[in-house]
Amino acid sequence: MLVRLHRSLRTRLLLAHLAVIAVGVVTLFLATLALGPTLFDRVMGHMMGPGDGMMGGMMGGMQQTTTQAFQTAMLQALGFSTAAAAVAALAVSILVSARIVTPLQRLLAASRRIAAGQYAERVPVEGQDELAALAAQFNTMAEELETAERRRVALIGDVAHELRTPLATIEGYTEGLLDGVVAPTTETWALVHDEVRRLRRLVQDLQDLSRAEAHQLSLHWQPVAPGDLVEQAMGRMGSQFADQGIHLTYTPAPHLPLVQADPDRVIQVLINLLGNAVRYTPAGGTVRVEVEAGLAGVTFRVADTGIGIAPEHLPHLFERFYRVDRARARALGGSGVGLTIAKALVEAHGGRIWATSAGLGQGATFAFTLPVAT
Ligand code: ADP
């Protein structure tokens with residue numbers, strides 16, 4: 001206890017203040033003792049003027065007695081004022097220490113509670129000094145931790161939910177097969193296989209997402225022509241568009257600069273956007289791919305004439321497992337993290353991704369930017 005008290009900031013501040021007071025008092029004493037009598041004698045000498053003979057002797061004796069009386073009075077006065085000054089300084093020092101130590105103690109207690117998992121912990125921000133800035137910064141950090149924790153819990157819930165549906169379907173079919181209620185036809189096996197594929201895609205997407213969000217992706221940067229990226233992605237998706245009776249168009253813009261990117265990752269983003277476009281556009285619709293150069297780099301756009309998106313959903317599309325229509329998205333085979341992965345990949349390139357739509361039934365446009373190769 002004694003050791004803790006000795007080491008505490010409050011005690012150290014108090015001791016530092018006391019040391020300042022002690023040095024001040026000793027200096028005051030020494031200076032007064034050294035200068036006081038000489039100055040006093042000089043003043044007395046001026047007052048009495050030059051003296052000689054008996055008168056002079058009497059005056060000399062009187063001056064000596066007065067000097068002694070003055071010294072005693074001066075020492076007493078110094079003693080009292082030192083005691084008064086020390087008490088006043090001590091009181092001020094305690095107040096100042098409290099002003100500094102109390103917020104720090106609050107921060108210490110709050111950080112201990114956060115470390116123990118109480119993420120809602122915040123500290124009051126008082127004043128405008130460095131301690132207030134520290135408290136404000138601490139609150140920001142606590143808020144970030146709370147959000148991260150909330151997202152972590154939500155992610156576990158979402159993943160469990162996503163796994164439950166295909167697993168329940170597989171369980172249902174296999175039980176039916178075992179009991180002989182479901183016929184072991186090719187269609188049955190195809191349904192089971194579909195659900196297994198869905199599970200595998202979900203696991204793959206989650207792995208991609210965790211790598212992208214943990215910035216563990218190794219990007220193989222190189223200067224590439226934007227048109228090549230679009231054509232490769234379109235080549236891989238073309239048959240799906242043909243099967244669904246959706247027109248896919250791309251008119252290459254002239255004089256496009258090269259972009260600095262990992263081609264495989266950009267193609268992955270484009271395939272994801274094209275996959276969504278084909279999923280959410282009815283037969284007979286059109287999907288247009290456009291690329292243009294601007295101040296922010298090269299912008300890629302995938303615009304469809306599909307079901308569109310209501311304005312209130314637009315800001316959330318890139319969140320994990322966010323779906324405008326859960327049942328519909330699942331039925332169409334989406335894992336719910338496609339756009340989250342696309343966002344992480346584009347941001348890993350230093351770009352930006354966003355969605356626009358004039359509303360339900362008005363089609364949707366997804367766009368992203370990539371830096372120009374220097
Ligand atoms: P999913 O795998 O469910 O498609 P995404 O992350 O790719 O997940 O997309 C999230 C949601 O955004 C989708 O469920 C859908 O509601 C909406 N969305 C994405 N692309 C489009 C589009 N082209 N048109 C309309 N809605 C879209």
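1. An oxygen atom of the ligand sits 2.9 Å from an N or O atom in the side chain of Arg279. The model is a predicted one, and the distances in this note are to be read with that in mind.

2. The side chain of Asp304 places an N or O atom 2.8 Å from a nitrogen atom of the ligand. At Gly336 the backbone takes part: one of its N or O atoms is 2.9 Å from an oxygen atom of the ligand. On its own the ligand has 530 Å² of accessible area, and the protein covers 98% of this.

3. The shell around the ligand holds 20 residues, of which Asn276, Arg279, Asp304, Gly336 and Leu339 come nearest. Two or more shell residues come from each of α7 (263-279), α9 (338-348) and β7 (364-370). By class, the shell has eleven nonpolar residues, six polar and three charged.

4. The largest cavity contains about 110 Å³ of space.

5. Which residues line the largest cavity? They are Arg99, Pro103, Arg106, Leu107, Val123, Pro124, Val125, Glu126, Leu131, Ala132 and Ala135. Both α3 (53-115) and α4 (130-179) give two or more residues to this lining, and α3 contributes the most, with four.

6. The lining of the largest cavity is made up of eight nonpolar and three charged residues, with no polar ones. The shell around the ligand, for its part, includes six polar residues.

Notes. Residues numbered from 1 in each chain as written. Predicted model: local features only at pLDDT ≥ 70, side-chain atom pairs only at ≥ 80, totals over all residues. Heavy atoms only, no water. Near = heavy atom within 4 Å. Polar contact = N/O pair within 3.5 Å; in protein donor to acceptor, adjacent residues only side chain to side chain. Areas by Shrake-Rupley, 256 points an atom, 1.4 Å probe, with all protein chains shown as cover. Nonpolar A, V, L, I, M, F, W, Y, C, P; charged D, E, K, R; others polar. 1 Å grid on protein atoms, 1.4 Å probe; cavity = no way out; pocket = protein on both sides within 12 Å on 5 of 7 lines; lining within 4 Å. Points joined across faces, edges and corners; volume = space filled by probe spheres on them.
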